[in-house]
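Morning, everyone. Let's look at the model on the screen and go through some salt bridges, then a sheet.

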Amino acid sequence: MHPRVKEYHRDSVFRPGKRPMAYIVSYPIGCAIQTHALGVRLYANIGSRLTSECLHASKQDVKCEGHGAGLYKLRKIAVSFALIMALAITLAAQGVGPFPDLSAADQDAIKKFTAEGLQDSHIMEIMGYLTDVYGPRLTNSPNIREAAGYAEKTLDSWGLANIHEEKWGPFGRGWSNEIFEANEISPRHFPLIAYPRAWSASTGGPITAEVVFAKIGNEDDFKAYRGKLRGKFVMTEPARAVDPHFEGEAHRFTDQELADLAQPRPVEAPPDPEARKRFEKQREFTLKLQKFVNDEGAVAWLEPSARDDGTIVVTGGDSRDPRDPPRVPRVVVAVEQYDRILRNLEKNIPVTLRVNAVNKYYDDNLDSFNIIAEIPGTDKPDETVMLGAHFDSWDAGTGATDNAAGSAVMMEAMRILKNSGLKMRRTVRLALWTGEEEGLLGSRAYVKEHFAEREKMRLKEEHARLSAYYNLDNGTGKIRGIYMQGNEELRPIFEKWMQPFKGLGMTTLSIRSVGGTDHLSFDEVGLPGFQFIQDPIDYDPRTHHTNMDVLERIQEGDLKQAAVIIASFVYLTANADQELPRKPLPKH
């Protein structure tokens with residue numbers, strides 16, 4: 001929304017027969033018209049104040065506000081209004097307005113971006129360094145700080161401006177796994193496919209001990225195992241059946257699936273209030289169970305992976321607060337091997353393991369950072385368009401699809417824009433976030449510092465000057481569309497901008513709102529924040545938060561396509577006459 005425009009009334013989603021929005025604007029005495037995404041905007045002056053309203057065909061009157069005059073109906077100027085409407089419709093047909101059809105210059109720019117992004121891409125070079133060289137990038141770990149140095153040096157070599165790390169925090173201590181070895185010693189010897197949870201404690205050297213299964217389903221079961229866990233590897237989860245995979249896991253959206261995504265989300269039953277209570281109760285029980293296993297002197301707590309085929313899901317397992325003492329080490333084991341151990345225990349066959357976990361904490365700097373870089377704008381340098389992705393990952397793989405892919409695409413989009421030599425009116429700002437995996441912490445800290453405090457919806461000056469934020473964080477798949485986050489006014493704009501990329505597979509506009517990643521930090525304070533629709537490939541079943549999130553899972557051509565599209569959307573947003581339309585501010 002332009003800073004000179006004050007919100008008067010707005011429905012969050014356009015519905016036929018309802019007024020989508022109205023603005024009160026200060027203009028010189030007179031009358032003006034402007035085409036609009038959902039119809040025609042009429043400006044009529046009453047005194048020195050002006051009311052504009054987007055009109056739908058079913059509405060024949062508009063409310064006006066004047067100094068001391070109250071609210072007026074514009075029926076008195078029906079004849080003039082009819083003439084104005086006719087003229088406005090003619091202008092709309094000619095593409096005149098704040099977001100016209102793509103010009104020849106826009107189309108030439110997109111061709112230039114496409115040639116650069118597909119024929120001279122740096123995507124895989126960036127990916128190789130972020131994953132193979134620097135490895136997993138857990139927030140506040142040495143790896144992520146070294147990877148940040150590489151990213152900043154690379155951005156600087158491309159001639160970007162204002163490259164810096166913007167501190168936020170406190171986040172908590174850093175952590176890294178230095179050594180991990182796990183083997184079954186008896187009844188047979190074999191290496192375990194297993195990983196320590198992030199922020200988990202060390203074993204204090206190699207430990208050889210027996211395994212015990214403690215069947216604990218609630219707090220009442222604790223008493224049965226008091227005094228029986230000391231010096232043992234403890235398993236508390238029952239065996240889990242592993243089903244065969246009759247179909248391949250990798251998948252691209254079909255035309256029908258994309259058509260379904262283009263429809264509003266089906267009406268769902270209201271959330272079960274008891275479900276949240278059950279979740280919280282289970283979370284509280286898990287913490288109590290961890291404390292019990294720790295207090296009883298177990299040497300490690302073994303858990304089965306949520307995936308199979310040797311794919312291990314590994315996230316956090318202990319506190320980031322340096323004031324909290326380390327608790328029992330937590331180790332996630334491949335479900336097939338976990339079940340094998342448990343089946344032998346059920347046969348009363350003792351199982352002995354040897355495990356060595358050397359983990360290190362870093363308490364010297366409890367704050368984290370976001371990486372910022374810019375291409376300055378020309379005649380509107382104080383207004384911004386942002387693009388970003390989270391830079392951090394979990395620790396078991398190398399964070400390739402989650403989310404080196406997004407970071408590399410956004411860096412590459414900046415390179416394409418800078419290398420093109422084309423001018424952009426607004427400043428384009430790249431942000432690579434940390435702390436996303438722990439709850440969008442880096443992006444929320446940035447939004448709070450620059451744009452708004454979401455708890456009380458206190459807006460800052462920069463809030464009015466951000467046109468849009470574009471995010472990428474759904475794996476390696478190509479872009480197939482964009483989620484409009486419930487803002488129907490964007491449809492005719494994005495439809496025009498998407499047109500050149502339909503041959504590359506981008507065909508779908510979805511009115512749906514999605515969460516789970518950093519665009520939500522912007523959307524929840526009323527800023528236009530967007531996540532792209534991406535082909536799922538094998539993100540959920542194979543790579544998301546797992547040891548299989550490695551470079552081999554990357555689809556090079558898909559990332560090249562994404563960089564070209566994002567560079568183009570950013571360019572068009574930066575050069576538009578107006579900022580993108582906004583939804584109403586959320587109510588908190």
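Is D577 buried, partly exposed or exposed? D577 is partly exposed, with a relative accessible area of 47%. Buried means under 20% relative accessible area, exposed over 50%, and partly exposed in between, with a 1.4 Å probe and protein chains only.

This is a predicted model: local features need pLDDT of at least 70, side-chain atom pairs count only at pLDDT 80 or more, and totals for chains, interfaces and linings use all residues. Residues are numbered from 1 along each chain as its sequence is written, and side-chain values use heavy atoms, with hydrogens and water left out.

Now its partner. D577 and R425 meet in a salt bridge, 3.0 Å from N to O. That term means a side-chain nitrogen of Lys or Arg within 4 Å of a carboxyl oxygen of Asp or Glu. R425 sits in the loop between α8 and β19, and D577 in the segment after α13 (556–575), so the pair ties together parts 152 residues apart in sequence. Helices (H or I, at least four residues) and strands (E, at least two) are DSSP runs, numbered from the N terminus. R425 is partly exposed too, at 21%.

Next, R173 and D363. Their closest N and O atoms are 2.9 Å apart. R173 is buried, at 8%. D363 is partly exposed, at 38%. The whole structure has 35 salt bridges. R252, R480, D535 and D558 form a network of them.

Last, the sheet. It is open, with 8 strands in the order β8-β17-β19-β18-β22-β25-β23-β24 and mixed pairing. Pairing takes at least two DSSP bridges between two strands. β8 and β24 stand at the edges, each with a single partner strand, so one side of each has no neighbour in the sheet.
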